[in-house]
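Thank you all for coming; I would like to take a few minutes to walk through one model with you. Please have a look at the sequence and the structure first, and then I will go through the parts I picked out.

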Amino acid sequence: MASIVHDRDNTLERPGQRAPLVTGGHDLHGVTEVVCRVAESRTAPAAWYLTMGVSAALLAALGAMIGYLFFEGVGVWGLNNPVGWGFDITNFVFWVGIGHAGTLISAILYLFRQKWRTGINRFAEAMTIFAVMCAGLFPGIHIGRVWLAFYLFPLPNQMAMWPNFRSPLLWDVFAVGTYFTVSLLFWYMGLIPDLATLRDRAKSKLSAFLYGLFSMGWTGSARHWHRYERAYLILAALSTPLVLSVHSVVSFDFATSVLPGWHTTIFPPYFVAGAIFSGFAMVVMLAIPCRALFGLKDLITLRHLDNMNKVILATGLMVGYAYTTEFFVAWYSGSAWELFAFKARAMGPWWWSYWIMFSCNVFVPQIFWFRWARTNIPVMLVVSMLVNVGMWFERFVIIVTSLSTDFLPSAWDTYWPTWVEAWTMAGSFGLFFFMFGLFCKFLPMVAISEVKAVLPHDAHAPAAGGHGH
Amino acid sequence: MASHGHTIDIFSEPRRFDRAGPGALIAALIGVAALAAGFVMKPGGADLRQFMNSYLLAYLFVLSISLGCLFFVLIQHVVAAGWSVVVRRLAEQIAGAMPLLALLVIPIVVFRTELYPWLNPTDEMKHLVEHKRPYLNDTFFIIRIAAYFAVWTLLSRGFLSASLRQDASGDAAITTRLRTLAAPSLILYGVTVSFAAVDFMKALSPMWFSTIFGVYWFAGCVLSGVGFLALVAMWVQGRGQLTRAITKEHYHDLGKLMFAFVVFWTYIAFSQYMLIWYANIPEETRWYLVRQSGDWWKVSLVLLLGHFCIPFVLFISRHPKRSKATLFVFAVWVLLMHWLDLFYLTRPPEAPEPLLAGSAGGIPLHLLDALCIIGVGGLFWAWVASALARHSLVPERDPWLKESLAFENY
């Protein structure tokens, strides 16, 4: 099958008739071909090599920055008293948030019977895992005395210094740890049948061995499928509360405090909506180049992108609701501190970051009310990037503005990141894209068996030139 | 997977009551009688304030059901859902009672000084109420209430009448248009429901504030709306209508939604409670202090157990959601718990001091609470039952109907 260059518009749905989720008239074998071809090809598009080169360099920079940080101490960052959290925790929350789209697509859209999820769930889940890896990095390196990093975990030690179980920072360790574990299991389990397909098609001994090792003896027997479906449902059910709990716990890091701008009861659902918002923007941002470079436009169709853009619009509105409610209640509460904190955000020294956040997250996605924008690749690429910028700034605004001006004016201070922090942040993107690039090249980017289940019915009959199963 | 093999033909299905039974009229008469008796006789030495407290509770209970069904209708349209079409007309009719609810809100507006302390602030709250005056003032309050009901009536009647028009014309373009309209309608819905929560309930404690409060009420609305919808579906089937169209598959999905919103409510309630407990700031803890003092801690505990623990354990499994008998219990139970939740939100005294001093007595359940729920509920049921009797019970020419009829959980 020739590689797919054109987008076929399958976004319009006539009432009473579901639009196709796979275009291009592929049969079952055709789907396998399209996905496996990427991993089996001995070369990759030039853009892939370029991406890997740049991200490897950034990854190296990350290693250097961390080494420098460990050698010199956190003084190389711009943190001060009172701004004890800066880029480090901003990046942590940003990356944790990115991961949420993967879990939502795998778990919640599964329970809602949204079949279009099959085209995007695999690489969204991969994205989740790499994003959580990036996220997990930051709390680990920000603690100052890295040789005591194990204090993060509730390990007993000879000094009888148990972690404080009432601290949301400890809950974070549990929440993110559980999240990573379940996401990894979910992702890997979904991969098994597709890894077996790659194993069966492998031409070289090495790839046959490696794909064979990780497909754990999958034969595709009815019993295997039965167990697989059961396990999938259970993991989906386990992941569903995780979509809500992880970012809720992250929001507790802030909201349990008494700091104006941090302590507000809407934080948990607001953080969750924001996480899904930024996560979907990242999925769109990754899907656009992947489907173009690797010839997946028939499997990740305009309809998938259209749907994701609608989710971005909806969650963007929820985030806007939270911003507005916070402002309203800051005034309604009659608390001078609350009102001051919010005025300082919008009109204080950090006003520009507040308005970057507000514009990118609330105003920009409004363009998705129009169908032409939701199906226009350059538009959605720009919007998804801006949403990610906006969501990064949201965390920055929350963390830095509230810390820098607390209750005592004499304690106020400003914050500016150093080059070390900037490169560490860039390096985390290097880590993310490096891992994602490896995934794209060597693993099936689309869940082959799941997409086959949503093919139009007549495609099950072998078409001319196809081999059926 | 939905299989298209054994789809029934909707036009061979009983889907319309031959005549409006006497039930609606009886319900209306009982409703009026109960409200009149309560208002005039004020049993148990009650005063107007007690009557209005009970009336507000009963009213908000019915309003949440109607608003919950409105949300159900809007969200089904916006996602172009197929499974729910066979029960959507019932939800449209329950939401369609909004004109009646707009009428029934009048006593709350007229006797607002009996209910809302910010209209007559104590010395303690004077300073704060003065600050909130741009929002909490008489004129703006009335304007807001009018605006909410304008929006809700417009949305609920608009979606209902478009759906009825489709019964006649079979025009698929109506479905497309409603889907387009549903998205901005949900924005209007979200904003009005949130602020209505502030005006009807949060303003009962004018010194207190919480950003999540609107979401809290929204969770209760959807929960009670879906619960009531399931009961109405059973009632309709019990009277020989839609007996083959609504299957246990649809009940199963309604049960799943109820379960999901039991958990969602808990998530929101927990978020609000935990954050306020943890930060321990007096201006916020005041509201919970009231609800944990005197005998009110018992109500809080019953809510924790009854609104979350018990239904979570009993209804997490697939089977109780697929059996009509157990789903009936589930629906009645969540409605009871939602009523208790509203009681817990609206009834406790504003200030904790009398409770802490032990001088406030027990939980102020009153005979009027029963009379008012019979009254408002009776009128509401009269409206819904007679509306159901006037039209087809199913959007019979909805393009997605065939998907709904063939729907199976897998």
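Which residues touch the most other members of the largest nonpolar core? Before I answer, please keep in mind that this is a predicted model, in which local features need pLDDT of at least 70 and side-chain atom pairs count only at pLDDT 80 or more, while totals for chains, interfaces and linings use all residues. Residues are numbered from 1 along each chain as its sequence is written, chains are lettered from A and ligands numbered from 1 in the order in which they are written, and side-chain values use heavy atoms, with hydrogens and water left out.

The answer is B:Leu63, B:Phe149, B:Trp152, B:Phe200 and B:Trp217, in a core of 289 residues. By a nonpolar core I mean a set of buried Ala, Val, Leu, Ile, Met, Phe, Trp, Tyr and Cys residues joined through side-chain atoms within 4.5 Å, where buried is under 20% relative accessible area, exposed is over 50%, and partly exposed is in between, using a 1.4 Å probe and protein chains only. The largest share of this core, 19 residues, is supplied by helix H2 of chain B, residues 48-78; helices here are DSSP runs of H or I with at least four residues, and strands are E runs of at least two, numbered from the N terminus. If we leave aside residues up to four places away in sequence, B:Phe200 touches, among others, B:Leu56, B:Leu60, B:Leu63 and B:Phe149, contact being heavy atoms within 4.5 Å.

Staying in chain B, B:Phe330 lies in helix H15, residues 324-346, and is buried, with a relative accessible area of 0%. Its contacts, again not counting residues up to four places away in sequence, include B:Met258, B:Phe259 and B:Phe315.

Let me turn to helix packing in chain A. The axes of helix H5 (residues 168-201) and helix H6 (residues 205-214) of chain A come within 8 Å and cross at roughly 150°, the axes being lines fitted to C-alpha atoms, for helices over the stretch in contact, with angles from 0 to 180 degrees between N-to-C directions. That makes H5(A) roughly antiparallel to H6(A), given that angles under 35 degrees count as roughly parallel, over 145 as roughly antiparallel, 65 to 115 as roughly perpendicular and the rest as oblique. On the H5(A) side the contact includes A:Tyr188 and A:Leu195, and on the H6(A) side A:Tyr211 and A:Phe214.

Helix H3 of chain A, residues 87-111, packs with H5(A) at an angle of about 40°, with the axes 11 Å apart, and the two are therefore oblique to each other. Among the residues making this contact are A:Phe92 and A:His100 of H3(A) and A:Asp172 and A:Phe186 of H5(A).

Finally, some backbone details. Most residues other than glycine have a negative phi, and most peptide bonds are trans. The peptide bond from A:Asn81 to A:Pro82, however, is cis, with omega near 25°, and A:Pro82 is found in the loop between H2 and H3 of chain A. B:Lys42, although not a glycine, has a positive phi of about 45°, and at 21% relative accessibility B:Lys42 counts as partly exposed. B:Ala80 also has a positive phi, of about 50°, but at 6% relative accessibility B:Ala80 counts as buried.
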